[in-house]
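Thanks for making time this morning. I would like to walk you through one structure, beginning with the whole chain and then stopping at a handful of residues.

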Amino acid sequence: MLAPDVHYARSGDVSIAYQVLGDGPLDVVIVRGSLAHLDSVWEQPLFVQHVERLASFARVLLFDKRGMGLSDRLRSVPTLEARMDDVRAVMDAAGMDRAALFGAHEGTRLAILFAATYPERTAALVLFDPSPKGRRSPDYPWARSDEEWRDWLREVGESWGTPEFFARQLREYTPTRADDEEFRAWYARHMRQSASPGAAVAFQRMVMDGDVTDVLPAIRVPTLVLHRAASAGPAAYVAERIPDAVRRDVPGLVDGFSWADPAGNGRLLDEAEEFLRGLDRAAAPERVLATILFTDIVDSTRKAAELGDAGWRELLGRHNALVRRRLSEFRGTELNTTGDGFVASFDGPLRGLSCAGAIRDEVRELGLEIRAGLHTGEGELSGGRVGGIVLHIAARVAAAAGPGEVFVSGTVKDLVAGSGVEFADCGAHVLKGVPGEWRLFAVREAGTVPASR
């Protein structure tokens with residue numbers, strides 16, 4: 001198969017390189033978990049066999065992550081939310097209204113977040129060796145500890161690009177090819193073309209900080225979890241938390257790059273093809289992952305008494321117009337007003353967080369102070385609007401904030417890792433009417449994202 005043409009999709013102000021091959025009845029987006037380069041990957045016959053098999057029954061979309069390969073290089077670590085926007089951008093550019101996402105390793109985080117946020121655009125998930133979080137925790141012992149991460153980041157920074165470094169990687173990750181000199185030479189060349197040393201360290205920091213474990217119960221699309229024997233623990237963790245997920249061990253597969261082992265990869269693709277061909281056309285989604293923002297004017301009663309009815313109406317009108325401008329800029333959907341506050345939903349937590357910070361700063365010019373709270377969770381869809389307990393939790397988070405403060409739940413904090421937003425740990429809180437204790441965080445720096453439409 002000849003390498004397909006490389007095209008570019010605009011995602012905000014970043015260009016994302018992508019290719020489309022095959023013409024089957026099903027659309028599949030490959031979300032790779034490693035670094036990649038859309039040109040040099042076609043120099044590897046084993047990978048070409050892999051995508052040819054997929055293209056035999058589907059239209060397949062490949063893309064280079066932002067900051068990597070043929071996509072625009074970056075100076076900062078991209079967030080999961082930004083990378084989720086990239087998936088939507090390449091799907092739009094390729095004319096894919098709805099697709100199955102086939103993710104591997106770290107790429108499964110992006111596939112999981114996209115499926116929960118845009119179930120109407122996700123036909124199914126196929127997750128190979130899923131890695132839902134980067135740091136070890138009591139309930140997730142399979143990730144690196146903080147000390148192990150420090151050692152690994154130092155090694156990447158000092159050794160990236162050397163043949164010895166890549167040989168060690170292959171020995172650990174894809175042992176069936178570790179002694180194949182031709183494969184080793186291609187792999188070193190491919191990885192150097194994929195990322196510079198600085199970009200490789202940035203990518204690994206993103207892997208370290210990412211965490212989508214809170215998102216797993218919100219997946220409402222058919223999901224197949226495939227794994228090697230060595231990855232049974234994290235695979236079971238993911239499959240047990242995604243409603244109705246199917247988990248399959250792939251016998252005899254030992255390589256992290258599954259396509260490097262044609263026999264084992266054939267068994268993996270057999271499972272994936274059977275699963276994807278058996279999909280029924282799903283009904284419109286009734287639940288979706290959303291970020292909810294609550295805002296509230298502090299001391300509004302006192303301010304209204306000072307200004308009188310006419311003066312307060314005029315000031316409130318200016319406040320409302322300001323909030324609505326910012327909601328439009330950050331792609332927020334107004335759900336309701338609460339007299340002197342707003343309830344809005346966003347399809348990404350960083351957009352909601354940035355919107356809250358912008359509103360907080362601008363209303364001060366009106367002589368007002370607000371408090372704000374955000375939570376990301378599963379909501380019910382009705383008439384295109386989000387409802388359910390996610391709204392109640394966000395309201396309680398906002399109620400815990402003081403004047404000028406933006407409070408978020410732990411889920412929001414985890415999902416904006418890598419954004420540069422700083423948080424202060426405000427400890428565990430009991431949220432009225434919501435079971436359990438909730439750890440809340442105050443935003444030290446609201447952060448900004450480009451307005452996108």
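What follows is a short tour of this model, from its overall form to single positions.

Let me say at the outset that this is a predicted model, in which local features need pLDDT of at least 70 and side-chain atom pairs count only at pLDDT 80 or more, while totals for chains, interfaces and linings use all residues. Residues are numbered from 1 along each chain as its sequence is written, and side-chain values use heavy atoms, with hydrogens and water left out.

The protein has 13 helices and 16 strands; these are DSSP runs, with helices being H or I of at least four residues and strands being E of at least two, numbered from the N terminus. For 453 residues a compact globule would have a radius of gyration near 22 Å, and the 23 Å of the protein agrees with that; the radius is taken over C-alpha atoms, and the globule rule is 2.2 Å times the number of residues to the power 0.38. Along the principal axes, the C-alpha atoms fill a box of roughly 80 × 50 × 40 Å.

Of the 453 residues, 59% count as buried, where buried means under 20% relative accessible area, exposed means over 50%, and partly exposed is in between, using a 1.4 Å probe and protein chains only. Among contacts, meaning heavy atoms within 4.5 Å, with a separation of 6 or more, 71% are between residues 24 or more positions apart.

Which residues touch the most other members of the largest nonpolar core? They are F102, W160 and L276, in a core of 61 residues, and helix 7 (residues 197–209) gives this core its largest share, eight residues. A nonpolar core here is a set of buried Ala, Val, Leu, Ile, Met, Phe, Trp, Tyr and Cys residues joined through side-chain atoms within 4.5 Å. Leaving aside neighbours within four places in sequence, F102 is in contact with residues including V28, V126 and L268. A second, separate core has 45 residues, among them A9, V14, M84 and A99.

In the loop between strand 5 (99–104) and helix 3 (107–117) we find H105, which counts as buried because its relative accessibility is 11%. Not counting residues up to four places away in sequence, H105 touches G33, F128, D129, P130, S131, Y173 and G256.

D299, in the loop between strand 9 (287–297) and helix 10, is not a glycine and yet has a positive phi, near 55 degrees; D299 counts as partly exposed, at 46% relative accessibility. R331, in the loop between helix 10 and strand 10 (333–337), has a positive phi of about 60 degrees, again without being a glycine, but R331 counts as buried, at 18%.

Finally, R385 lies in strand 13 (residues 385–387) and is partly exposed, at 38% relative accessibility. Setting aside neighbours within four places in sequence, R385 is in contact with T333, E334, L335 and E380.
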